[in-house]
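I opened my notebook to look up rings, charges and strands. Here is the structure I worked from.

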Amino acid sequence: MGYIYFLFFSFRRAKRKYLRTVGEDSRALVSTVGAIFGDVVGRDELCESIIHELRSRDDARPQVLMGGVGTGKTAVLVRLAKRLSEKGLVPVPVRLREIHSSSGVDVLDFEESGRKEFGKIVKSRLQSDQDEEKAWRRLRGDREVFVLADGLEEVLIKEGGNEHESSRERDALIRDAVKQAGDNGLPLVIASRPHDPLRGMDASITDLEPLNEDEAARYLLDSSPYRRDEYLLAQIVSTGRLVESPLYLEIARELCACDRIGRIRPEASGENEVLRTAVLELRCRLLTEWMRALMEGAVREDAAIDRDTRLAVIKQIRLLAASGLKRDTLVVSLEGLTEDGLLHQEQRDNAHGTGIDLPMAVTLGSRLGLVEFSESGVRFPHSIVQAYLGAGILGKVMKKEESFSSAAFRNLGREFLLSMVMYANILRMGGGAGCEQLLEGISSDRLTEEEMRYRLGNRLLMWDPVTSGLTETAKILEGCAAFIDIDNVCRSSHLKGLALKLGERWREMSQRERPEEDQRTVEEAKIGLIRRFGEAIREKDDPQRQRFYMNLLAIAAEEHSYPVRLEAATQIGQGASEAVRVIPHRRDIKHRSGEWYATMQAWLSPMLVAGTTPTEAGERVNWYVDRLGAGKQHHDISLPEEVALAQGFKLAANRRVSRAGEASKKFLFDKAVDVLKRTTYWYTHLTVLHALTLWSLRQDIPILEARSMVRGWLTLAGTEAGPPGQPQGGRDGRREHPFVTEAGRLAVMALHLGETQKYLWIDESDVVSKVGSYAPAQSAMRQIQRLWIPSSAGWGVLDPRARMLVADVLVLSTLANRGEEPTRQAGTMARTMRSDIPPCLSGSRDPLRPTSKAMPGSREAGSTCAPGCEFGLCPYPPRAPQSYWPEIHEAFCRKQHDLLDRHQLLNMRQAAWWQGTTLRDLRHFWASMEERAQK
């Protein structure tokens with residue numbers, strides 16, 4: 001009788017009240033969220049994917065959201081908590097940063113931590129501890145409780161230590177705890193920065209991708225009291241790249257709410273690229289205007305603190321920020337400040353002059369949302385704000401106190417690097433741009449930008465681990481990226497030395513990556529550095545810098561990671577005339593001595609034309625096109641080069657074209673048609689078809705016209721690829737490849753509806769690596785975006801038909817190139833130069849065996865093919881430490897499995913028309929691919 005009363009009265013009432021509270025204010029539940037926080041935008045697709053995974057599968061693994069400084073990890077947990085409550089599920093937050101080794105905790109148990117937090121939350125709603133235990137067991141049995149753990153990088157850190165000093169024992173402890181949670185079937189979502197324990201963790205790791213720019217602009221517009229100047233807000237979002245760091249978006253929202261956003265006027269870039277200095281300057285202006293609004297009471301009005309007191313509080317808090325930068329930690333103890341000579345003296349002087357000592361400043365600072373109390377001391381909830389506040393004193397303390405510089409450079413934390421970059425940009429802006437009070441006293445007695453750059457460069461010593469003491473590859477790369485940012489604001493450039501070392505020692509750096517280092521983190525750091533390097537070359541009209549494009553080309557030739565090579569090609573392709581002048585022509589490269597150079601040339605040629613004119617760079621494309629077609633038989637260029645050329649056309653077509661670029665657009669369109677005519681390879685046709693579709697986009701294309709356009713292109717495909725007089729392709733010769741036929745049908749929908757991101761994609765490996773978010777075709781943001789398919793597009797946005805197609809395209813591409821270098825790809829790629837698909841894709845997929853163990857000779861192409869198969873491609877190539885082709889991500893594999901698991905009455909076409917096998921076979925294949933991705 002007591003259990004019935006508990007179940008139907010106490011338990012249900014407590015759960016209902018709990019969910020109502022979460023639904024009304026989910027941010028109050030997640031205590032790690034800072035005060036600079038509004039609604040969460042652009043994360044619904046990601047949250048739905050996480051919920052579906054953890055809710056629908058008994059063997060679901062814990063989910064890890066990985067993101068760097070200010071990427072909005074905690075914000076996703078807040079949105080996830082709200083979405084869970086709307087579905088009647090119970091989110092339980094766990095503050096991992098409160099679990100530290102000094103508390104005597106030597107075992108990390110996510111379930112026990114979740115149960116304790118759950119007990120604290122529902123204690124007032126249930127009658128006894130026994131009822132709390134019953135409620136927990138009930139929710140766990142029904143899989144209705146979700147543990148949301150924030151701050152994995154700060155768990156079990158020794159008090160007074162820093163987050164990067166984690167031992168192997170700590171890393172193993174974290175991995176064991178995550179595995180235990182998975183084995184026990186605990187629905188667990190963890191937010192973490194990139195760090196070593198993630199490598200080898202038995203969890204599904206999702207890189208936190210940028211927000212959608214359209215949703216970000218609408219979010220700001222909704223926060224503005226006058227809802228005016230939508231174009232200005234779109235410019236701010238675009239110029240500041242606010243989608244890369246949601247904290248800046250929240251700061252912009254608060255400035256909109258107090259009607260101060262109009263004081264931020266980004267420089268009009270027109271059709272030109274927004275370069276890095278403009279991005280950093282706008283972000284610093286946002287922070288500066290927000291800090292001034294905070295001091296003047298326009299922000300945090302309810303704190304009831306006068307202006308002079310607010311200024312005194314900020315001056316004290318910035319000293320704590322600098323102390324945290326020195327130790328590479330967000331949590332700072334008040335006692336620790338006494339060990340910092342100059343900072344401690346500054347604190348005492350401030351207290352004597354204003355009457356606001358450090359404890360009082362912390363108390364008032366928590367009301368302003370700058371800091372919060374924790375068991376270990378004072379914590380900065382926003383690392384970007386910590387970096388900005390620390391920048392106000394950084395130049396002075398680094399110049400006067402060598403011990404500060406030594407400790408900070410020894411740790412080389414991300415916030416410290418960011419603070420140095422902010423400091424250099426604040427000086428460039430003239431000392432605070434309206435926030436001079438914050439920087440008062442350091443205008444003369446401080447480091448210059450050049451001195452700051454010298455100290456960082458001297459510390460890095462071009463990543464010599466013996467003399468610098470730096471062993472983490474990602475840290476070295478991030479330090480080089482910060483060096484470039486600081487160099488951009490200096491009067492004279494020292495980029496040459498870094499450029500030479502980047503080109504000379506890239507391979508050596510890649511080969512000495514530590515086995516225990518998380519390779520995703522390293523890859524992201526490489527991409528970030530290459531992006532900064534490319535932007536730095538274009539930042540100033542300097543002939544010396546233009547020669548650095550050759551260094552980027554050398555990096556791409558030495559790099560094994562496909563996404564890194566793609567980023568290098570993109571940066572060179574944006575170099576326009578400057579890159580054309582220094583990048584050698586393909587005819588000057590001996591193919592056998594420069595395989596990647598040759599392939600990169602094919603990739604780059606159309607992109608260089610798109611940024612210049614046919615007169616400047618058109619001959620490069622003509623050189624390739626003239627070597628395709630009747631009688632050529634790829635004697636002059638390889639099949640990998642042909643594929644790279646097609647990819648270059650699509651990358652060029654994705655750029656929105658101005659009137660000045662119409663000549664280049666027409667030239668490339670005609671040459672793409674020539675490539676379509678003169679080739680027979682299915683992937684070339686599919687890729688060129690996408691490029692032609694992007695170039696043909698305009699508003700309101702009737703469906704019949706769209707069909708006619710696509711039918712005309714497909715009719716031309718392969719018509720000039722063989723001996724004269726012999727029909728070779730299109731609808732007059734052999735049948736089209738099934739993948740090209742389906743791509744044509746999707747292209748019709750893209751032309752008719754204008755929804756490019758639903759039916760097309762730019763790069764197969766990129767689109768399957770992220771969930772993505774949808775961007776409407778018509779908006780102010782879309783008018784100023786420079787790409788037809790934005791970087792926020794992912795597989796979650798694709799139409800189910802397009803998702804099935806891109807999946808099998810990627811599978812067949814992997815079978816064909818097998819992750820090898822270009823010279824070793826051509827043979828197996830040639831086996832797929834047919835108008836049909838292998839039996840392992842058109843029939844049973846058992847021969848693919850993606851998870852089978854490698855035995856001598858058992859993983860060679862053709863060793864497991866079905867009897868009578870003429871392709872000789874099976875099995876699926878084994879995973880390799882250094883593959884030249886990316887793996888299909890776990891989340892995408894899982895989604896493909898679920899897509900095929902729908903009830904037939906709800907989705908009549910569950911498998912694509914070319915997949916002549918059972919749904920059970922397809923589900924088994926994608927389950928095997930998911931298992932492979934987990935290894």
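**Entry 1: charges over rings.** I looked up Arg-834 first. Its charged end sits over the ring of Phe-871, 4.3 Å from the ring centre. I note that the model is predicted. Then I turned to Arg-845. The charged end of Arg-845 sits over the ring of Phe-925, and here the distance to the centre is 5.1 Å.

**Entry 2: aromatic pairs.** How many aromatic pairs does the count come to? I got 15 aromatic pairs. I took Tyr-681 and Trp-682 as one example. Their ring centres are 5.8 Å apart, and their planes stand at 55°. An angle over 60 degrees would count as edge-to-face and one under 30 as stacked, so this pair is tilted.

Are these two residues buried or exposed? Tyr-681 has a relative accessible area of 3%. Trp-682 comes to 1%. Buried means under 20%, so Tyr-681 is buried, and Trp-682 is buried too.

I then checked Trp-795 and Phe-892. They form an aromatic pair with 6.2 Å from centre to centre. The angle between the planes is 70°, and the pair is edge-to-face. Where do the two residues lie? Trp-795 is in the loop between helix H36 (780-784) and helix H37 (800-817). Phe-892 is in helix H40 (residues 890-899). The pair therefore ties together parts that are 97 residues apart in sequence. I looked up burial here as well. Trp-795 counts as buried at 4% relative accessibility. Phe-892 counts as buried at 0%.

Entry 3: I moved on to the strands. A reminder to myself: strands of a sheet pair through backbone hydrogen bonds, either parallel or antiparallel. Here 5 strands form an open sheet, and the pairing is parallel. I read the order as E2-E3-E4-E1-E5. Which strands are at the edges? They are strand E2 (90-95) and strand E5 (204-207), and each pairs on one side only. From one strand to the next, the twist averages 20°.

Last, I zoomed in on one pairing. Strand E1 (residues 63-66) and strand E4 (residues 188-192) run parallel, and 4 bridges join them. What stands opposite Val-64 in E4? I found Ile-190 there.

Key:
Residues numbered from 1 in each chain as written. Predicted model: local features only at pLDDT ≥ 70, side-chain atom pairs only at ≥ 80, totals over all residues. Heavy atoms only, no water. Pairing = 2+ DSSP bridges. Axes fitted to C-alpha atoms, helices over the stretch in contact; angles between N-to-C directions. Phe/Tyr/Trp six-rings, centres within 6.5 Å; stacked < 30°, edge-to-face > 60°. Buried < 20%, exposed > 50% of the residue type's maximum accessible area, 1.4 Å probe, protein only. Lys NZ or Arg CZ within 6 Å of the ring centre and 35° of its normal.
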